[in-house]
Amino acid sequence: MSAWVPLLSIPIEWAALALLVVACLYWERAGFSGLGVEGAFASGMVGLALGYEWTSSYPLALLVAAGFAAAFALAAGGLLRAFRTDTAIGALALSLVPVCALQILYRSGLAITEGTPPPGLIRGTDLDGTYAEDLAMNPVLWAAPFVVALAGWTLRHTPFGLRVRAFGENPAWRVPGSRPALYRFGAIVLGALWTVPAAALLARTHLESPPLALGILALACVIASRWSVLGGVLLAAGPAIARSCRPYAGDHPGWAIALEILPYLLGLSYLALLSRRALRVSFAPRAGTDPDLL
């Protein structure tokens with residue numbers, strides 16, 4: 001294998017983390033913890049794997065993945081509201097359920113990870129079977145920047161996004177004709193759906209084990225960027241590069257362990273060096289929630 005080949009996975013890893021970044025923003029702005037994105041992402045991967053096992057159709061598998069991710073968001077949001085538990089602890093605890101299910105699935109062998117040719121890529125071109133196939137022939141990767149831009153624009157520049165931020169930051173706020181709970185639940189469902197293309201991108205990476213704790217990495221990028229879509233996406237490049245370098249460890253256990261934990265050390269350094277805010281932003285003029293526009 002050429003020495004530069006693992007670096008080809010950087011765009012895939014970066015795009016997936018960027019999608020999880022906007023998902024975390026939606027969960028946080030809705031007043032829930034972005035840690036729930038870990039469960040939504042794992043649920044999406046479980047749905048993608050099972051959907052492909054059941055239907056042998058990649059488009060149908062993506063629809064099943066979207067249903068699983070949305071179902072997790074609704075169940076998690078409902079339970080957190082019903083029991084009035086701490087959102088961070090509750091969201092993380094609930095996320096462990098699909099995470100464990102995903103690990104069990106990977107141990108049992110999956111058609112979506114073992115199938116040849118890989119599903120989801122455009123076939124019948126001169127790039128079939130080459131190193132560049134996963135990049136040039138991957139429609140999900142092409143669409144990822146536009147999905148991230150759409151998610152950011154929706155949250156910042158639409159009445160829906162404005163009300164989500166208002167009701168998430170101020171749950172007691174009441175606006176005639178609007179239901180805060182519907183906006184908040186709509187936001188976390190949308191946030192869960194943004195994880196589905198990330199699941200599709202990473203379904204076949206690191207086949208020996210499922211990608212875990214990426215939602216936590218994305219949340220670290222969001223907090224360190226001070227709730228900026230562009231800043232969070234740029235910071236996600238660091239962990240993405242670190243994850244792509246793992247094959248360089250070869251047969252050296254020490255280097256393998258170091259490269260495994262490097263993305264999380266980067267996330268910790270982001271929080272230690274760049275973060276200056278609490279997990280929740282308080283109501284302030286800079287929050288962008290103008291009551292007159294509601």
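## Helix 1 and helix 7

In this predicted model, helix 1 (residues 10-29) and helix 7 (residues 139-157) have axes that come within 10 Å and cross at roughly 20°. Axes are lines fitted to C-alpha atoms, for helices over the stretch in contact, and angles run from 0 to 180 degrees between N-to-C directions. Helices (H or I, at least four residues) are DSSP runs, numbered from the N terminus. Helix 1 and helix 7 are therefore roughly parallel to each other; angles under 35 degrees count as roughly parallel and 65 to 115 as roughly perpendicular. Their crossing is left-handed, a term used if the near helix is turned anticlockwise from the far one by less than a right angle.

From helix 1, the contact (heavy atoms within 4.5 Å) is made by P11, I12, A15, A18, L19, V22, L25, Y26 and R29, and from helix 7 by L141, A144, V147, V148, A151, T154 and L155. These residues divide into 14 nonpolar, one polar and one charged. Ala, Val, Leu, Ile, Met, Phe, Trp, Tyr, Cys and Pro count as nonpolar, Asp, Glu, Lys and Arg as charged, and the others, Gly among them, as polar.

Residues are numbered from 1 along each chain as its sequence is written. Because the model is predicted, local features need pLDDT of at least 70 and side-chain atom pairs count only at pLDDT 80 or more, while totals for chains, interfaces and linings use all residues; side-chain values use heavy atoms, with hydrogens and water left out.

## Helix 10 and helix 13

The axes of helix 10 (residues 214-224) and helix 13 (residues 253-274) come within 9 Å and cross at roughly 20°. These two helices are therefore roughly parallel to each other, and their crossing is left-handed.

Helix 10 contributes L217, A220, C221, I223 and A224, which meet P263, Y264, G267, Y270, L271 and L274 in helix 13. By class, this contact has ten nonpolar, one polar and no charged residues.

## Helix 8 and helix 9

Helix 8 (residues 159-169) packs against helix 9 (residues 180-202) at an angle of about 110°, with the axes 9 Å apart. That makes helix 8 roughly perpendicular to helix 9.

F160, R163, V164, F167 and G168 of helix 8 make the contact with P180, Y183, R184, G186, A187 and L190 of helix 9. The contact residues comprise seven nonpolar, two polar and two charged.

A search of the whole structure finds one cavity of 30 Å³ or more. On a 1 Å grid over the protein atoms alone, a cavity is a set of points where a 1.4 Å probe fits but cannot get out, and lining residues have an atom within 4 Å of a point. The volume of the largest cavity is about 30 Å³, where volume means the space filled by probe spheres set on the points.

The lining consists of M45, L48, A49, L102, Y106, L110, I112, T113 and A203. Helix 2 (36-55), helix 4 (87-108) and helix 5 (111-114) each supply at least two of the lining residues, and helix 2 gives the most, with three. By class, the lining has eight nonpolar residues, one polar and no charged.

Key
Angles under 35 degrees count as roughly parallel, over 145 as roughly antiparallel, 65 to 115 as roughly perpendicular and the rest as oblique. On a 1 Å grid over the protein atoms alone, a cavity is a set of points where a 1.4 Å probe fits but cannot get out, and a pocket is an open set with protein on both sides within 12 Å along at least five of seven lines; lining residues have an atom within 4 Å of a point.
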